[in-house]
Amino acid sequence: MVALIASSALEIFALPFMWRALVTVAILAVAAGVVGLFISFRELEFVSDGLVHAVFPGLVVGAALGGTAGVLPGAVVAALLAAVLFTVIERRGIGADAAIAVVLTGLFSLGVVLVSRQEGYVSQLQELLFGRLLTVTSAQLWQILVVAVAAILIVLVTRRAQLFRAFDPAGFEAAGFRTLRTDLALGVAVALLTVAGVQALGVLMVVALLTVPMAAARLISRGFALLIPIAILLPLLAGAAGLWLSFEWSVGAGATVSPGSVVVLLLIAVYLLAAAVRTVRDRGRA
């Protein structure tokens, strides 16, 4: 049975569109594992959700002006502007959650208005919201790789400051570090990772990739050194299984299933399983 499944999986992922989808998931898994560590430590999950929704009008404008090739540049501009806006508003004393909520709903509504003015907007809206993991082209794959590597490099270069800022904000400022530069660096990294993932997974699904793997990793292990490897491994496994399942359902049962949604559902299942195991384990120690 296992050999049959393995043989079937090898045949499926030998197809060009399937291996490009798998490589896309692998790239996003590595980037999300690295950047997600600091999203989790800084408790920026809501900020990440805001950034994802703020990217939406950039996707619409980019697609309207340049077609498929314009999606990434439009998303990059929108994400960077949103990252700077979130950081500046938060530092001026306005409640961060309220500011993010205003930007999130305002820009997302703007994106819906812009896309609804175009012909055939329903299919475009669906594509932008839920992504098309199986239609990632070679050019888009390279774009995703470049943007994801940029996000990883920003975090790696500032990793010491990011860790210090996460665990001791008061000590960080007292030591003379520049909080604005550190916050902007992390915001830009999250924005770039959002852009990298949104083409494949869509606006509504990419936030799961940003937050769920690291949340599950922190439930599975308390060892700092294991968090990033676990957070990379989980979406990799969920991605491979999700792609394989969606392909089998589509070909075998004739059911049209969004691969990105299946991947996200599997990630959520892993998180719930990890939470249940952690609860049972903690009660056993009490």
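Tutor: Contact here means heavy atoms within 4.5 Å. The model is predicted: local features need pLDDT of at least 70, side-chain atom pairs count only at pLDDT 80 or more, and totals for chains, interfaces and linings use all residues. Residues are numbered from 1 along each chain as its sequence is written, and side-chain values use heavy atoms, with hydrogens and water left out.

Student: Which residues of α2 meet α11?

Tutor: From α2, the residues T24, L28, A31, A32, V35, F38 and I39 meet L186, A189, V190, L193, A196, G197, A200 and L201 of α11. This contact comprises 13 nonpolar residues, two polar and no charged. Ala, Val, Leu, Ile, Met, Phe, Trp, Tyr, Cys and Pro count as nonpolar, Asp, Glu, Lys and Arg as charged, and the others, Gly among them, as polar.

Student: At what angle do the axes of α2 and α11 cross?

Tutor: The axes of α2 (residues 16–41) and α11 (residues 179–201) cross at roughly 150 degrees and come within 10 Å. Therefore α2 is roughly antiparallel (an angle over 145 degrees) to α11.

Student: Which ones are they?

Tutor: The buried residues of α3 are V47, S48, G50, L51, V52, H53 and A54.

Student: And what separates the C-alpha atoms of A54 and T105?

Tutor: A distance of 8.1 Å separates them, with the two residues 51 apart along the chain. T105 lies in helix α6 (residues 96–116).

Terms used: Axes fitted to C-alpha atoms, helices over the stretch in contact; angles between N-to-C directions. Helix = DSSP H or I, 4+ residues; strand = E, 2+ residues; numbered from the N terminus. Parallel < 35°, antiparallel > 145°, perpendicular 65-115°, else oblique. Buried < 20%, exposed > 50% of the residue type's maximum accessible area, 1.4 Å probe, protein only.
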